[in-house]
Amino acid sequence: MNKVHSFRFSPRVISVVVASLLSTGAFAQTTNVGTSAKALGLSDYRHFVIYPHLEKALRAQQQNDENTALTEFRHIHEQAPDNVPLTLYLAEAYRHFGHNDQAQQVLSEQLKRHPNDPRLLQQLAAIPQKAEVVNTVEQLQALQKRCDATPTTRCRSETGQYALKLGQLDIAQAQLTDSEFSQTPEGKDLEQGVLQRAIYLKDWRNADDIYSRRNQRGALTATQQQQWFDVLTAGQLDKRIEQLQSQGLMNSPEQQLAYASTLASRDKRDDLQRYLSSHRPRFDTTAQEQNWLYLISRYGQDPIPMMQSFDPRFAANRRFADGAAFPAAMKAGNYKQAQQFLDTVPADQMLNERYALSTATHNQAETLRVAGLMYQRSPNNLALLDTYSWQMMQSGQSRQAASLLLSRYPFNGNGTQAGTLVTRLAELLQRYPDMLTDATRARLSRPLATATLRETQSRLLGSSADCQTTRALLGDLSPRYDASSLSQLAECYRDDLPGMALYVQQLAERRQPDAYQHRAVAYKAYQVEDYATALTAWKKLPNNQLTNEDVMAAANTAQAAGDDTARDLWVDEARQRGLDNSEAWWWLHAQRYLPSQPEQAMSDLNQAIAITPTVRALTARAALHRQLKQDAAAVDDLRQALVIEPNDGATKAALGYALWSKGDYIASRDTLEQAQKSSPDDPQLIRQLMYVNERLGDIPQTQGYARQVVDELDANAQIAPLTPAQNQERFDVRRLHEDIGRRWTINFDSSIGLNSNAMSPSGSQQSAPSSSQSYRSFGQLEAEYRLGRNMLLDGDMLSVYSRLFAGSGDSGVLLPVKDPMIGTGLRWKPLHDYTFFLALEEQFPLDRHHGEIDTMVRASASLFNNGKYSDEWHPNGNGWFAQNLYLDAAQYVHQDIQAWTADYRASWHQKVASQQTIEPYAHVQVNGYRDDHTQGTQLGGIGVRWNIWTGQTQYDAWPHKVSLGVEYQHTFKAINQDIDKRNSAFFTVGVHW
């Protein structure tokens, strides 16, 4: 029987092996560290002591038992704090359980014991880093301090990049002193960033330092060496450039030329002379070598020997070196040597050099000869023409120079050069005016291409330029024109375009705001009646810059502008200058007393007229006479003013108004018509002529002027809505147009009582009863024909009329058909401005059994019912308040009966349509009559009427009106009458046609 050998493994050994397998597989992913004593760098004894804890820790980590795992790993780390593998185990455990900060701290501390250990660095780099926010220099310095304590590629890179962002190049560059970091890709990126930032900030020394580092590493390409040179050149680091060139860097011929050129551009003459003396570059191109020779000839300390000692490689430059001796000799003031050089070449060559030498030696004949040769070779060169003509003038050939310039005019070239030539030609033509023929003047007057040339051209013509030419030259008002040119143009606009003259003068004032321009603006603004602008201009001038004429002009301007304070200041200034002995001064002095102190103003005007009777003084005194109700004196003054200026339309108008006030309407009309010929569009004259013709009863003329007023208002309405006052005026004028042309007027009035024994309602001038009876109903139809105005008295109106009226009497009939009568009479309105009528009427009964023939004498008046309180249509607003006091008295001759009525009514017209109103009203009435004894009543009533106006046209206001209403009456008191019912009601009808 075979013997079977069995091996027993202790549980401890088995667990160690399993743990080893598990932990090695888990840890190998990140640390590549084993668990053997050799792998851990431990002695067998220490490995024996530590291993059980390592086993337990790895198992707990596998089972995600954080507390056990971390406790065991920390215990192990404390047993061997310098052991790198065990530190890696602890750091990995921290990372496994999400404690990256503690892992980073353990690794950083171990790095202090084992600097630059790749295992620690690798593990540390594998830990995700929190993005650190660095926004201030203080935060940057703290980051730099932490990085210096534990340097890593990451922290060096971050510190450097943040330093670049904050412009701290020194801190960024300090990171590059870490040689290991500077070789990393991050270090190279940082170095390039520092270089670019230094160049951007023009920190040339830091940029030089980086290029030096690269050069020491042998990492500079040819392109980078050129960039380094460009940096040093831009930074003007001359000593550094020469130091590097002495070391064989940046020492190509091109770079030597470039460095010398920068010294020349910065006018570093001493350094350049030393550099040129110590260098002999051999150039590869003709242009480079020629530039070097030019520097020698221009800046060399002793250029002629230096040029001679330099051996040019190119033949063209050998000739240049020979020619460069001339400017060197000129610069040294050795004119004899310069002339000797020119003597070796033909006389028609090197003209610029010959011109320079002849000018320097004051050889005028040679200068003129050379200038002429140069111009002949390039006749289109305006600079050469300038030079040649100038030299001709210097040689006493000014007339020939003028002929030359005239032949070349208008110098088709650039503005500056051509302008110089035009100016010179102007000077010469002033010296030789006989050369300015009509043909020449016409050619010189054609506008040139640019504003600058046209301005110079206007001066070329000078005083010979007429306004037509000046307008053609300067009329575009270019902003390039100066104040003098614009003032010249403004004078040309003054007579026929004064408004344009003011505008141009204001442009000149803006260019040159001096006393001359302010004064010119003031006078031109006054000319166009822009008194505010004129006054502003005068106020810019102190009194010591005003002439006597200016002081009076300023005072007149202030008066016209309505600035009493300024006017009085200048009037007082004029008094101080002794100018108070003139009509003008006294006229102005009188204005300070108007309108409140007419007596003082009158005294001043009397003084003015005593010195010199002028139109303005006489018209001003006439206005005062009218103010003081002295119309006859006003007329005398105005007629005296017309003797002085017979065609003064304003004075004629004033005389017409004065004659109107005096009541001399015929003379007023004649004078106003004469004034209108001077001012045919004066709206006030048209209105006054309308009123004066109405007063004279001239119907066609009145209506003609009324139509003109309506047309004017209608035209204004097309531009802007009429004001309420204008709208009311339009209606009033149309009412006048309609009323003055009216011949026939038909009126029908009726009141129908709605209960018996009613008293007569309020009447009108046509509706009073014909006898002493009371009426339940009453009706009247009247036709009137106007005979004319001014028939018996000035301002009266005479009419004939006939009327048919009837009532209900004591009958039970509702309608007014009882006791009909017809009356025919003559009605006279003696007062123009008041509604008062006198009438004489013969009455005939149509029913012989009721009534008798009688003659009635009647007086009636309507008070308060005019203007804004009238019953006439009101064009403004939604309604209006009306009132009327009607008084009527009649004497029946044959019956010896007297009848009278007094009725006061107040009402409100509420507009309900374009020509309709609803009119609630109230009235009180006293009426009575007397035959054998006196009878009468006192009553009051309230009612409402519906009023309709019709027949309006463009020039006629509503000519027709229909009213329908109802009224309730109450009788307060009756005298000698029996009143069965004190309350009555009526239906009323009124038609005016």
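Predicted model: local features only at pLDDT ≥ 70, side-chain atom pairs only at ≥ 80, totals over all residues.

Q: What makes Arg-827 and Tyr-801 a charge over a ring?
A: The charged end of Arg-827 sits 3.9 Å from the centre of the Tyr-801 ring. Arg-616 is another case, lying over the face of Trp-587 at 4.4 Å from the ring centre.

Q: Why is the pair of Tyr-259 and Tyr-275 called edge-to-face?
A: The centres are 4.8 Å apart and the planes make 80°. Rings of Phe, Tyr and Trp (its six-membered ring) pair if their centres lie within 6.5 Å; planes under 30 degrees apart are stacked, over 60 edge-to-face, and the rest tilted. So 4.8 Å makes it a pair and 80° makes it edge-to-face.

Q: What does that pair tie together?
A: Tyr-259 is in helix H16 (residues 253-265) and Tyr-275 in helix H17 (residues 269-278), so the pair ties together parts 16 residues apart in sequence. Helices here are DSSP runs (H or I, at least four residues), strands are E runs of at least two, and both are numbered from the N terminus. Ring pairs also link Tyr-259, Tyr-275, Phe-283 and Trp-292 into a cluster, and the structure holds 18 aromatic pairs.

Q: How do you know whether Tyr-259 is buried or exposed?
A: Buried means under 20% relative accessible area, exposed over 50%, and partly exposed in between (1.4 Å probe, protein chains only). Tyr-259 comes out at 1%, so it's buried. Tyr-275, at 0%, is buried too.

Q: What makes Arg-274 and Asp-271 a salt bridge?
A: Their closest N and O atoms are 3.7 Å apart. The rule asks for a side-chain nitrogen of Lys or Arg within 4 Å of a carboxyl oxygen of Asp or Glu, so the pair passes. Both residues lie in helix H17, 3 residues apart, about one turn of the helix. Arg-274 has 40% relative accessible area, so it's partly exposed; Asp-271, at 25%, is partly exposed as well.

Q: Which parts of the chain does the Arg-905 and Asp-871 salt bridge link?
A: The two side chains meet at 2.5 Å, N to O. Arg-905 is in strand E8 (residues 897-913), and Asp-871 in the loop between strand E6 (854-863) and strand E7 (879-892), 34 residues apart. Both Arg-905 and Asp-871 are buried. A search of the whole structure finds 49 salt bridges.

Q: How do you know that E1 and E2 pair?
A: Two strands pair if DSSP finds at least two bridges between them. Strand E1 (residues 744-753) and strand E2 (residues 777-789) run antiparallel with 9 bridges, so they qualify.

Terms used: Residues numbered from 1 in each chain as written. Heavy atoms only, no water. Lys NZ or Arg CZ within 6 Å of the ring centre and 35° of its normal.
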